[in-house]
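Subject: The model to look through

Hi there,

Here is the model I promised to send over. Please have a look at it first, and then read my notes below.

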Amino acid sequence: MESVLEIQERQKNLSVVPAAVQSSLSNNFVPVSDNHKIVARDINAYFGKVQALRNVSLSIPENSVVAIIGPSGCGKSTFLRSINRMHEIIPGSRITGSLTLDRKDIYQMDAVMVRKRIGMVFQKPNPFPTMSIFDNVAAGLKMNGMRKKARLKEVVEKSLRQAALWDEVKDSLSKSGISLSGGQQQRLCIARTLAVSPEVILMDEPASALDPISTSKIEELIYELKKQYTIVIVTHNMQQAARVSDFTAFFYLGSLIEYDETKTMFTSPRLKRTEDYITGRFG
Amino acid sequence: MTNAKVFQISRFLKTIEVELVNIRESPAEIQNFFKKSDEKKRSRFLKKILGDKNLGDIVFERLTLLFAVLVFLLVLFMAWEMYSNSELSINKFGWKFLITTTWDPYAENFSALPMIFGTIVSSLLALIIAVPLGLSVAIFLAELAPAWLEKPLSFLTELLAAIPSVVYGLWGIFVLVPWLRDVVEPFLQNQFPNSPFFQGAPYGYDMLAGGVILSIMVLPIISSISRDVLKSVPDPLREAAYGLGATKWEVTKTVFTNARSGILGAIILGFGRAVGETMAVVMVIGSRPQITASILKPASTIAGALANEFSEASSDLYLSALIELALILFVITIIINIFARLLVWGTERRWK
Ligand SMILES: Nc1ncnc2c1ncn2[C@@H]1O[C@H](COP(=O)(O)OP(=O)(O)O)[C@@H](O)[C@H]1O
Ligand SMILES: [Mg+2]
């Protein structure tokens with residue numbers, strides 16, 4: 001684990017927070033604001049009798065990257081999955097509180113619609129094993145009933161370019177998706193998510209199963225994608241959170257402990273517990 | 001117990017005792033081998049024959065291997081036995097046994113084709129009915145049913161497999177055959193008056209009855225194996241589909257596509273079961289070796305013919321032809337089963 005000083009050093013070279021966001025947040029950061037893209041209030045989530053989230057309230061500004069950090073089992077994935085209503089597909093699960101996307105209640109919308117607007121990338125790359133690279137990227141569109149070959153081709157190429165994979169696979173689009181390396185598979189999954197043109201992308205430890213080079217590719221990608229999308233990323237890796245995110249939320253035992261600009265969070269966290277976690281004293 | 005028996009047993013025990021004494025007083029080498037002073041040599045020797053395993057493991061391993069080989073040899077022996085016992089028929093008819101169309105014990109003219117036809121067609125009929133049903137059940141159990149419903153329903157479908165086939169046969173005679181004769185077959189003939197498949201007087205004991213009975217019997221195989229195959233598809237795949245905004249139906253389709261070779265295996269295993277099934281079919285199929293397009297006419301299957309005619313086989317040639325029939329059934333079922341198993345294993349292993 002790097003020391004705080006090293007992280008601070010890194011922070012100096014860090015991506016610039018968008019000007020609009022910066023001005024609104026530089027000093028008095030508001031953790032829950034109705035102006036944000038996604039607003040969660042008093043979220044409690046359960047697996048049967050186990051409560052995984054306790055009164056979590058936070059909001060996610062448009063076109064920013066929010067990192068969620070915290071020790072294993074603290075509810076990071078659960079929070080992510082409650083945003084696009086993936087939590088409810090687990091038998092026995094339950095959720096209370098309010099979640100809005102552009103001020104509309106997510107839990108009043110059609111779940112299928114929600115998941116099209118809020119895409120998800122998982123921890124382990126999970127391309128459809130029976131499908132070619134092309135079909136993997138086109139899968140979401142085909143589910144939406146898109147049949148026009150030319151349009152499909154266009155979207156597949158655009159998505160693969162966005163995911164920085166096009167140059168590597170353009171000559172082998174008909175090969176199986178699982179013939180790619182782990183890092184390429186994960187970028188394929190990102191392309192697959194982009195093809196549905198979501199507004200928000202949720203990433204659950206997208207690089208934790210990958211080697212350092214693939215990891216840095218994914219991080220660069222996140223930096224590019226933030227111009228067009230709102231991104232929430234769960235990560236185990238402090239440096240990664242510091243590198244890619246504008247805001248960081250620290251979860252512990254199902255509760256949101258601290259949520260702030262990433263810069264502030266990593267240089268002068270308000271709470272002792274946050275500092276201990278960030279500096280690697282526990283977790 | 002008679003005196004003679006007691007005497008026999010005591011003599012047997014005596015021989016064992018003598019053997020034991022012989023071992024104890026065996027040649028010097030062996031005695032040395034077990035002496036404490038030679039401990040190093042002994043352990044080196046043991047190591048050489050045992051490797052790093054202990055003696056119990058070795059014995060257990062060898063014993064299980066022996067039984068496995070024995071089972072395999074038994075199968076080979078059965079095949080060879082059938083082959084040698086059907087030589088009379090094989091020499092007389094040659095390939096004609098498989099391609100001519102009459103099975104006539106009085107004229108001593110035998111061909112397996114009508115029975116092969118009956119076996120295949122009745123089994124295919126069974127699949128036509130059981131595949132859609134069985135797969136629906138499997139999909140419901142694996143993908144849709146809540147946990148509290150899945151267990152009892154799975155149990156019930158598997159219970160179908162435990163009912164003895166003669167019970168199915170009786171049910172066929174008392175319920176199925178009258179129903180087919182009075183309701184289904186007249187209906188089919190009304191709907192398709194010109195179809196070659198529904199010609200002849202509705203009699204009830206016919207190919208259709210055989211197919212329907214078989215379909216009920218293979219349903220649990222198809223549904224339970226397909227359910228296992230579907231369940232072996234890992235959740236991340238389902239989540240990938242959900243995450244793209246797939247509906248429940250689209251997710252199920254995705255899972256199904258990924259499990260298709262295993263499901264094909266399940267269907268073929270069901271087919272294998274149908275091909276080998278004897279009792280229930282014999283009781284309702286009408287037992288007449290003929291090749292007709294109509295499924296409303298009696299037919300005969302290989303297994304059925306064997307069960308029916310073995311006691312009547314009056315000549316050596318007749319008997320030999322029946323045994324050749326058995327050999328054909330044996331080969332067909334083995335090939336079907338190997339093929340299906342490979343498919344099922346292939347899919348289940350892919351996710352490990
Ligand atoms: N499918 C599940 N069934 C029951 N409990 C679960 C399930 N998934 C997660 N949990 C529990 O919910 C809590 C939060 O889990 P999770 O959100 O996956 O944590 P994280 O992603 O931060 O490691 C943990 O205590 C975990 O044991
Ligand atoms: Mg997690």
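First, a definition: two residues are in contact if their C-beta atoms, placed from the backbone, lie within 7 Å. Among such contacts in chain A between residues at least 6 apart in sequence, 69% join residues at least 24 apart.

Before you read further, please note that this is a predicted model, in which local features need pLDDT of at least 70 and side-chain atom pairs count only at pLDDT 80 or more, while totals for chains, interfaces and linings use all residues. Residues are numbered from 1 along each chain as its sequence is written, and chains are lettered from A and ligands numbered from 1 in the order in which they are written.

Chain A has 12 helices and 10 strands (DSSP runs numbered from the N terminus: helices are H or I with at least four residues, strands are E with at least two). Of its 283 residues, 46% count as buried, that is, with 20 or more other C-beta atoms within 10 Å of their own, C-beta atoms being placed from the backbone.

**The open sheet**

Four strands of chain A form an open, antiparallel sheet in the order β2-β1-β4-β5 (two strands pair if DSSP finds at least two bridges between them). β2 (50-60) and β5 (104-105) of chain A stand at the edges with a single partner strand each, so one side of each has no neighbour in the sheet. Inside this sheet, eight bridges join β1 (residues 38-47) to β4 (residues 93-101) of chain A, and A:V39 stands opposite A:T100 in β4(A).

**Strand β8**

All five residues of β8 (residues 230-234) of chain A are buried, so the strand is largely enclosed by the rest of the structure. A:T230, A:V232 and A:V234 point one way, and A:I231 and A:I233 the other.

**Around ligand 1**

Which residues are around ligand 1? Among them are A:F47, A:G75, A:K76, A:S77 and A:T78, where near means a C-beta atom, placed from the backbone, within 6 Å. α3(A) gives the most to this shell, with three residues.

Happy reading!

Notes. A residue is buried if 20 or more other C-beta atoms lie within 10 Å of its own, exposed if 12 or fewer, and partly exposed in between; C-beta atoms are placed from the backbone.
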